[in-house]
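Me: I'm new to this one. Could you walk me through how to read a pair of helices and then a pocket?

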Amino acid sequence: MDNHQKRNLTFLTIGLIFMLSGIEYAVILPTIWRYLQILEAPPYFLGLGLSAFSVSGLLTGPLFGFWSDRSKTTKFIILFSNLFEIAGNFMYFIGYSKWLLLCSRLVAGVGAGAGSSIFGFLTRSTRPEERAGIFAAIMACRQAGLLVGPAFNLFLRLCDFKLGPFVVNKYTSPGIFMCLLWLLLQFVVLAVHWDVPPISSEEGAVMVEMKQEEGNEEEEVPLMGSDEEPAQTYRALNSGELDTSASSEAQPIHSASASSNPFKNFSVSRELLREEVVVLLTAQFITLFNQTALETMVTPLTQRYFGFGELGNSLMYSLCGVEVILGFFFVRWLSGKVADRAVLAVGLVICCTACIWCLVFLCNPRGGYEWELSAFIIGVFLQLLGLPFVAVSQVSLFSKVTAEKTQGFSQGVRRSVGGLATILGPLWAGGLTNNLYIMLGMMLVLLLMISVMTALSYERLTEPRAVQSAQSCDSGG
């Protein structure tokens, strides 16, 4: 099996990992509110329960990323992190008290920290021009899980039996169900996941082979391959990596086989405190803060105004999953036609529109059940419509404006920022479900702020290597 086949199977495995994370979210979210009520938990425990998962990911993401950057491996990291998912979901299944339920989400969240390693691997294993499409497909897999999850809830809600000393009902069954799925995934990772070499390393090996075969025909088949090759081979940006030079034949090989310590000469301020990086990290925070705040608000809101139960919420999340999956595939297509920064700008406009709509029509609903339901559906539709645009573009841009050799750590920082948002979002919304003007007003202020930041930094939200390559060609000419 060649590296191309291994690469595709590995991407498939990564897609399954993200799909399972979506399924877990979809089977737990519709029932955790009632589960906590049965365990006599106060209302704020809903926010704590939803945030606990993110706390662990926030802390472990950079650590897993650092580990993968140093070891250049992701397979063992994924196998190790999945053990926490298995243990956490089993604890959720036991669920003797509200504190055990809270701890179960903390333990399961450790497994989510491996996402930084996975995004670092994807960055090193894809070319810049295909990266947004790959990221969109992987994110669509999570949304597919969100779509499939409610279907599992249709039969999980029918469970009513005992498994030894444990009670299996519609509230505990999601835990044991996800425990078994994560256990099965371990065998899939063992079988069809490979730590394939980075794209630049593969290209370097091919160049050496071509060089040896051609012998003395060095002028006809240069080691660099083509004028466009440097843009694919060199990916370090303002981070102390070696400067690229078209006049050196040995440098691609040296660059491909980077130092065993990727953090040599690494500077956090130089890498993560640049204007464009700060804008993208802010976009990550605000997007996830608003998204999780709305998700926290939705379940009590549908119960209060529309009388939705577990089944109604599951069907609603299923329909939302369909929309978001279609959105991700549309962005996957659009990313090949339009620059990432333009996709980001469009997504922010849609999100602002959605927030204004919710602020106007949902805070003080009038007009009867049909109008209230229609206003709610439109608001949710607009919010989900903007999500794929912002999510894909900011992740793709972030991978391009930060150094490839430390992608695991950088992606860990990005995901930690997102984790902080997913902690604060539910906490913010959980205490304001009865005061939507304040909750949605703050969300709109944050969206307007990142929109202004994006507009002011628009020229810098692009891949610096494109500029560097153009300058290199000019100096070479």
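**A helix pair and a pocket**

Reply: Start with handedness: a crossing is left-handed if the near helix is turned anticlockwise from the far one by less than a right angle, and right-handed if clockwise. Here, α12 and α17 cross in a left-handed way. This is a predicted model, where local features need pLDDT of at least 70, side-chain atom pairs count only at pLDDT 80 or more, and totals for chains, interfaces and linings use all residues. Residues are numbered from 1 along each chain as its sequence is written, and side-chain values use heavy atoms, leaving out hydrogens and water.

Me: Which residues of α12 and α17 make the contact?

Reply: Contact means heavy atoms within 4.5 Å. Among those of α12 are F289 and M297, while α17 brings residues including L440 and M453.

Me: And at what angle do the axes of α12 and α17 cross?

Reply: Angles run from 0 to 180 degrees between N-to-C directions, and over 145 counts as roughly antiparallel. The axes of α12 (residues 275–305) and α17 (residues 436–456) cross at roughly 160° and come within 10 Å, so the two helices are roughly antiparallel.

Me: What about the second largest pocket: which residues lie nearest its centre?

Reply: A pocket is an open set of points on a 1 Å grid, with protein on both sides within 12 Å along at least five of seven lines, and lining residues have an atom within 4 Å of a point. In this pocket, 16 residues form the lining, with P128, V338, A339, D340 and K400 nearest the centre. Helix α6 gives the largest share of that lining, four residues.

Technical notes
Parallel < 35°, antiparallel > 145°, perpendicular 65-115°, else oblique. 1 Å grid on protein atoms, 1.4 Å probe; cavity = no way out; pocket = protein on both sides within 12 Å on 5 of 7 lines; lining within 4 Å.
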